[in-house]
Amino acid sequence: MAQFHWRIPIHGCKGDLGSPLYTRGTWGALADGNLGPTVVRGEPSAGSTYHDYLLQVARAAELSGFDGALIPSFPDSEDPWVIASSIARHTKTLRFMIAYQPGWFDPLYAAKASASLQRLSGGRLLFNIITGGGGPGQLWWGDRIAHADRYRRTTEFLDVLKGVWDGKPFAYDGKFFKFDEAFLPAPLAGQVFPELYFVGSSDVALAAQGKHADFDLSHLEPEANLVRKFERVRELASKDGRTVKPAVRFNIIARRTKEEAWDVVRRAWKNVDWNAIEERRRQQRGGDGVGSWRIDATRNSTVEDMIVEDLWGGFGTLGSQGSPLGFVGSYEDAAARIDKFIRLGVDGFVLSSTPALEEAFHVGEEVLPLVRGSAPTLVRAAA
Ligand SMILES: Cc1cc2nc3c(=O)[nH]c(=O)nc-3n(C[C@H](O)[C@H](O)[C@H](O)COP(=O)(O)O)c2cc1C
């Protein structure tokens with residue numbers, strides 16, 4: 001059975017897909033027009049913080065039937081390890097997927113923190129291993145290591161993370177990490193090792209994940225590109241005698257009818273601030289990542305112009321993170337589209353939407369049961 005994860009908006013959340021303002025909790029700058037309901041007279045009301053909102057999203061994901069939640073990590077986000085340990089204590093079954101770059105940690109320290117999290121959460125930790133896209137984003141972390149070496153560092157990091165996990169003395173002589181006798185002491189040693197999602201498109205990335213990853217996580221792209229990537233993932237993992245399962249991450253707007261879903265998108269499209277988008281594009285500077293599929297809307301583009309196959313490519317224009325490509329449609333069509341991915345071999349899904357709290361219920365309560373073969377909430381209510 002495929003895994004379903006909901007993405008926690010650790011870098012602010014808007015109350016409406018079409019709004020430019022990050023009004024959930026206390027994330028956005030405290031200024032007129034950007035004050036969420038939890039900010040009263042310029043102060044967080046009753047001590048409510050952005051963190052409280054993130055916990056609500058996590059609980060909504062758990063309540064509505066998601067297996068887990070992705071906690072991404074960017075220079076301008078909260079820290080995923082800190083948020084994860086809090087989510088772990090405020091949920092019961094939800095798994096939590098911490099996104100991080102191996103360059104940020106010593107691998108023994110990461111093993112220790114991971115084992116602690118496994119103990120306090122009852123083994124609910126997963127990772128999304130990111131290696132970084134180079135350019136200004138990478139320099140923000142002070143990371144000047146070039147592309148191929150970054151993946152070598154990731155491979156070495158995971159060698160050590162796995163090597164020290166069971167508590168037996170482990171020696172390692174790598175280019176980036178050297179240990180004589182490293183190990184996790186009792187009672188940290190011997191927890192369930194976290195499942196590994198892994199992102200990257202280049203051959204070095206796929207070779208690195210072939211050695212260690214459980215899932216290859218890709219942003220959504222047109223189907224032929226995805227199929228090509230899945231084949232390369234299979235080919236490179238088989239060199240290590242392993243299987244790496246495909247997983248995809250995308251934005252989704254699902255409603256009772258497809259008209260209702262498209263109305264959400266059309267309303268948001270009317271509010272697009274084209275001046276801001278054009279300014280952002282002028283300032284964008286690339287890194288050394290192999291890059292993802294793009295579609296750029298212009299001032300003259302309509303909602304319909306952004307339809308690609310049976311998906312919609314306007315999510316980036318609306319300010320959503322990740323691939324511009326996602327799904328818009330009815331609950332039934334969303335489930336059918338997910339089934340189609342599953343037939344292509346996809347075994348893990350990281351879904352996201354805005355606002356993350358309310359949309360978690362639309363997808364979790366109405367779409368996931370159709371995929372899993374149980375009755376969704378609306379069907380149960382009608383019966
Ligand atoms: C599904 C997915 C999720 C990602 N999440 C993050 C993230 O949370 N933080 C981050 O800094 N980069 C994230 N990235 C970007 C990667 O850091 C980077 O661009 C990618 O590893 C480049 O791979 P390549 O060098 O093989 O092209 C993500 C990429 C993908 C595809």
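Glu309 counts as exposed, because 10 C-beta neighbours lie inside 10 Å; a residue is buried if 20 or more other C-beta atoms, placed from the backbone, lie within 10 Å of its own, exposed if 12 or fewer, and partly exposed in between. The model is predicted, so local features need pLDDT of at least 70 and side-chain atom pairs count only at pLDDT 80 or more, while totals for chains, interfaces and linings use all residues. Residues are numbered from 1 along each chain as its sequence is written. Glu309 sits in the loop between strand E12 (307-308) and strand E13 (311-312). Its phi is near 55°, a positive value in a residue other than glycine.

The chain as a whole contains 12 helices and 15 strands. Helices (H or I, at least four residues) and strands (E, at least two) are DSSP runs, numbered from the N terminus. The chain has a radius of gyration of 21 Å, which agrees with the value near 21 Å for a compact globule with 383 residues; this radius is taken over C-alpha atoms, and the globule rule is 2.2 Å times the number of residues to the power 0.38. The C-alpha trace spans about 60 × 50 × 50 Å along its principal axes. Of the 383 residues, 44% count as buried. Two residues are in contact if their C-beta atoms, placed from the backbone, lie within 7 Å. Among contacts between residues at least 6 apart in sequence, 69% join residues at least 24 apart.

A helix pair comes next. Two packed helices are described by the angle between their axes and the distance between the axes. The axes of helix H1 (residues 50-63) and helix H11 (residues 356-372) come within 9 Å and cross at roughly 5°. H1 is therefore roughly parallel to H11. Axes here are lines fitted to C-alpha atoms, for helices over the stretch in contact, and angles run from 0 to 180 degrees between N-to-C directions; those under 35 degrees count as roughly parallel, over 145 as roughly antiparallel, 65 to 115 as roughly perpendicular and the rest as oblique. On the H1 side the contact is made by Gln56, Val57, Ala60 and Ala61, and on the H11 side by Ala356, Leu357, Ala360, Phe361 and Gly364.

Not counting residues up to four places away in sequence, Val57 touches Ile8, Pro9, Ala356, Leu357 and Ala360.

Phe66 lies in the loop between H1 and strand E4 (68-71). With 25 other C-beta atoms within 10 Å, Phe66 is buried. Leaving aside neighbours within four places in sequence, Phe66 is in contact with Phe4, His5, Trp6, Ala61, Leu94 and Gly364.

Two cis peptide bonds can also be picked out. The bond from Ala186 to Pro187 is cis, with omega near 5°, and Pro187 lies in the loop between strand E8 (178-182) and strand E9 (195-198). The bond from Thr354 to Pro355 is cis, with omega near -10°; Pro355 is found in the loop between strand E15 (348-352) and H11.
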